[in-house]
Amino acid sequence: MNYLLDIMGSTLIAGILFLLIFKMNIYTSNANYYSDNELKLQQNAKTLAEIINHDFRKIGYKYSGTSIVTAQPTRIQFWADMDAPGTFGHGVMDFVEYYLGDSTEASGTANQKDKVLYRIINTTDTLGGPTLGLVDLRFSYLDSHGLSTAFLDSIKYVKAEFWVEPYEYVEDNLTGQPDSSQFTYWELTINPRNI
């Protein structure tokens, strides 16, 4: 009889230990996935920031007059010479437009909120790349004192804010529902020297 109780007790303890190890393995896998997902979000946000920073620093380059044509929360149009010195097209004024598409234009992701950022040069060269998880983008325009302005000729800074979410959500272990709490917010203020 003692042997039977010992076997049952050790089986129960072994079962509990097995479940703890199994749960720890699931937790570790999810932690790795969340960590990798967060790294991807930060890399995607950094890529978007580099693209916007590169072009917005050129606003007004070699252009006389008010170089910003349209200044809206999700759209900006401006004049600049986008080509580097010594390359084909340098010295020719380019009309550049950035705008945020809607969520129906994004494809290839499970996230229904993904949007495409479009970059159009001279109304013909349209570049609408992958969404990179971009779900929202807001431009705001500041004067030389850092105050918000709607007057095109007084804009000295362009502030870009964007939110990036994962392409696919991970199920939460507790609720079983997709977890949409993971996102990255990025903000940058650009001072184009030529305006």
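Predicted model: local features only at pLDDT ≥ 70, side-chain atom pairs only at ≥ 80, totals over all residues.
1. Residues are numbered from 1 along each chain as its sequence is written, and side-chain values use heavy atoms, leaving out hydrogens and water.

2. The chain has 1 helix and 10 strands, taken as DSSP runs numbered from the N terminus (H or I, at least four residues, for helices; E, at least two, for strands).

3. Do have a look at α1: its 55 residues should span 81 Å at 1.5 Å a residue, and the end C-alpha atoms are 80 Å apart, which agrees. The expected span is 1.5 Å times one less than the number of residues. Buried residues of α1 include Asn30, Leu41, Ile52 and Phe56, and the buried set packs against β2, β3, β4, β6, β7 and β10.

4. The largest nonpolar core has 29 residues, with Phe56, Ile76, Phe78, Phe139, Val158 and Phe162 making the most contacts inside it. Such a core is a set of buried Ala, Val, Leu, Ile, Met, Phe, Trp, Tyr and Cys residues joined through side-chain atoms within 4.5 Å. Its largest share, 6 residues, comes from α1.

5. Beyond its neighbours within four places in sequence, Phe78 is in contact (heavy atoms within 4.5 Å) with residues including Asp55, Phe56, Val69 and Phe95.

Methods. Buried < 20%, exposed > 50% of the residue type's maximum accessible area, 1.4 Å probe, protein only.
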